[in-house]
Amino acid sequence: MSTDKIFFNRPHMTGKELYYIAEAKFGNMLAGDGPFTKRCHQWLEAYSGSEKVLLTHSCTAALEMCALMLDIQPGDEVILPSYTFVSTANAFVLRGAVPVFVDIRPDTLNLDERLIEAAITPRTKAIVPVHYAGVACEMDSIMAIARKHGLHVVEDAAQGVMSSYKGRALGSIGDLGAYSFHETKNVISGEGGALLVNAREQVLRAEVIREKGTDRSRFFRGEVDKYTWQEVGSSFLPGELIAAFLWAQLEEAQAITDNRLATWNAYHAALAGLERQGLLRRPIVPEHCQHNAHMYYVLLAPGIDRQAVLEALKRHEIYAVFHYVPLHSSPAGERYGRSQGSMEVTNYSSERLLRLPLWWGMPKAAQERVVQVLGDILARF
Ligand SMILES: *Cc1c(COP(=O)(O)O)cnc(C)c1O
């Protein structure tokens with residue numbers, strides 16, 4: 001048996017990153033919103049159908065912009081899953097909001113839309129669905145609930161670049177959306193992200209908030225003769241070197257997705273047997289959701305010691321991981337947030353979920369070894 005290390009993730013370079021960075025450097029365009037940023041904006045707008053897409057230095061930054069865009073005030077409430085990355089909640093807590101945690105669906109592990117209405121109070125301002133593993137939340141239901149109660153919807157589509165819901169790009173359905181280009185995602189720039197603004201009348205304000213609260217973007221377009229401080233903002237834009245790197249990735253975004261999907265599909269077929277034996281459950285992707293193979297996870301059956309499985313995999317040089325520590329049971333989550341209803345599915349998933357190695361160009365043999373070794377380990381339980 002081969003004992004080559006099988007890493008959990010390997011960032012993929014398309015090959016043109018340094019070429020474009022050199023182009024940006026020698027053009028002396030190092031600050032933000034230069035030619036590469038514009039190319040990325042145009043590509044992302046054409047791809048997503050969103051009114052305006054603005055690069056940010058992270059998805060976290062894009063979510064922080066969302067909280068500013070929605071004028072979130074201290075004491076306002078924001079409904080979101082507990083089973084997510086910290087930034088989904090933290091961006092709103094920065095503005096003094098209370099994250100209200102709701103349980104997730106047992107199938108997709110996405111915010112359970114059937115539990116949202118019970119969490120709504122007169123202080124609720126927004127719903128923040130997180131498209132876990134790049135599989136869409138039930139956006140039709142979520143948008144209907146938001147409209148009925150006059151709430152905003154911010155899509156945390158950090159994991160959802162190149163995924164869609166009923167043919168619509170994730171991030172383009174709610175009022176606002178946020179993408180991540182972090183090294184651990186599919187399309188990357190090291191650190192990086194984007195804000196999607198889906199209503200035309202919100203675009204100028206997003207530009208102001210992103211440019212330190214000034215109308216500098218309008219000044220650059222020649223729409224005003226000087227730029228001034230307009231409202232509260234910050235510096236949310238990346239420099240051109242990041243945008244140049246990202247451009248090399250966006251050009252290959254479909255190829256990256258197709259390559260990952262091939263590995264994802266191979267895992268899915270190969271793990272059907274272990275699911276039939278009741279040892280694990282595979283991911284469930286609804287018919288109307290096109291996903292991007294961001295992640296291949298399994299939920300281990302109750303009684304299987306996940307830590308022992310992780311350690312056994314590691315002895316075979318296979319690096320698998322788990323997540324998330326639910327936000328409602330984290331120190332800051334307890335301090336700043338509250339839970340609405342039971343967190344049963346969240347807690348269960350958090351304890352049973354195992355993420356398998358998946359990256360662009362993962363050799364078939366490596367992927368088959370993961371399945372083989374995992375099967376051998378689970379057979380001992
Ligand atoms: C990765 C991730 C983020 C944060 O993205 P950054 O670009 O690292 O700030 C936020 N939410 C979710 C669901 C994520 O997976």
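Domain bounds here come from an automatic or database domain assignment. On that basis the chain splits into domain 1 (17-251) and domain 2 (253-378). Keep in mind that this is a predicted model.

## Where the two domains meet

Let's start with the contact between the domains. Taken over C-alpha atoms, the centres of domain 1 and domain 2 lie 26 Å apart. Domain 1 brings 47 residues to the contact, and domain 2 brings 38 residues.

The size of an interface is often given as the accessible area lost when the parts come together. For this pair, the area buried between domain 1 and domain 2 comes to about 3500 Å², with 58% of it from carbon and sulfur atoms. On the domain 1 side, three residues stand out: Tyr83, Phe101 and Asn186 supply 21% of the area that domain 1 buries against domain 2, more than any other three residues.

What about polar links across the boundary? There are 25 residue pairs in polar contact between domain 1 and domain 2, counting pairs with both residues at pLDDT 80 or more. Several elements of domain 1 each supply at least two residues to the side that touches domain 2: β2 (77-81), α4 (86-93), β3 (98-102), β6 (164-165) and α8 (240-250). Of the contributions to that side, β3 gives the most, with 5 residues. Sorted by type, the residues on this side of domain 1 are 27 nonpolar, 12 polar and 8 charged.

As for charge pairing, the count between domain 1 and domain 2 is 1 salt bridge. Elsewhere in the numbers for this chain, glutamate 77 and arginine 338 join their side chains in a salt bridge, at 3.0 Å from N to O.

Now for a spot inside domain 1. Threonine 88 sits in helix α4. Is threonine 88 buried or exposed? Its relative accessibility is 0%, so threonine 88 counts as buried. The side chain of threonine 88 makes a polar contact with the side chain of aspartate 156, at 2.8 Å. Setting aside neighbours within four places in sequence, threonine 88 touches Leu63, Leu80, Val128, Val130 and Asp156.

Leu63 leads us to helix α3, where Leu63 is one of the buried residues. Helix α3 (residues 59-69) is mostly covered, with 10 of its 11 residues buried. Among the others on the buried list are Cys59, Glu64, Cys66 and Met69. What do the buried residues of α3 pack against? Their partners are β1 (52-56), α4, β5 (152-156), β8 (176-180), β9 (193-197) and α6 (203-210).

Both ends of α3 have a local detail to look at. At the start of α3, a side-chain oxygen of serine 58 comes to within 3.4 Å of the backbone nitrogen of threonine 60. Just after α3, aspartate 71 has a positive phi of about 55 degrees.

## Salt bridges

Side chains of opposite charge can pair when their charged atoms come close. The structure holds 21 salt bridges. Here are a few of them, including the glutamate 77 pair from above.

| Salt bridge | N to O distance |
|---|---|
| glutamate 77 and arginine 338 | 3.0 Å |
| arginine 114 and aspartate 112 | 2.9 Å |
| lysine 166 and aspartate 140 | 2.6 Å |
| glutamate 275 and arginine 282 | 3.2 Å |

How covered are the partners? Arginine 114 has 56% relative accessibility, so it counts as exposed. Aspartate 112 has 7% and therefore counts as buried.

The salt bridge between lysine 166 and aspartate 140 links distant parts of the chain: lysine 166 is in the loop between β6 and β7 (168-169), while aspartate 140 is in helix α5 (residues 139-149), 26 residues apart. Lysine 166 counts as partly exposed at 47% relative accessibility, and aspartate 140 counts as partly exposed at 38%.

In the pair of glutamate 275 and arginine 282, glutamate 275 is partly exposed at 27% relative accessibility. Arginine 282 has a relative accessible area of 15%, so arginine 282 is buried.

Conventions: Residues are numbered from 1 along each chain as its sequence is written. This is a predicted model: local features need pLDDT of at least 70, side-chain atom pairs count only at pLDDT 80 or more; totals for chains, interfaces and linings use all residues. Side-chain values use heavy atoms; hydrogens and water are left out. Contact means heavy atoms within 4.5 Å. Buried area is the accessible area (1.4 Å probe) that two parts lose on being put together, summed over both. A salt bridge is a side-chain nitrogen of Lys or Arg within 4 Å of a carboxyl oxygen of Asp or Glu. A polar contact is a pair of N or O atoms within 3.5 Å; within protein, one must be able to donate a hydrogen and the other to accept it, and residues adjacent in sequence count only if both atoms are side-chain atoms. Helices (H or I, at least four residues) and strands (E, at least two) are DSSP runs, numbered from the N terminus. Ala, Val, Leu, Ile, Met, Phe, Trp, Tyr, Cys and Pro count as nonpolar, Asp, Glu, Lys and Arg as charged, and the others, Gly among them, as polar. Buried means under 20% relative accessible area, exposed over 50%, partly exposed in between (1.4 Å probe, protein chains only).
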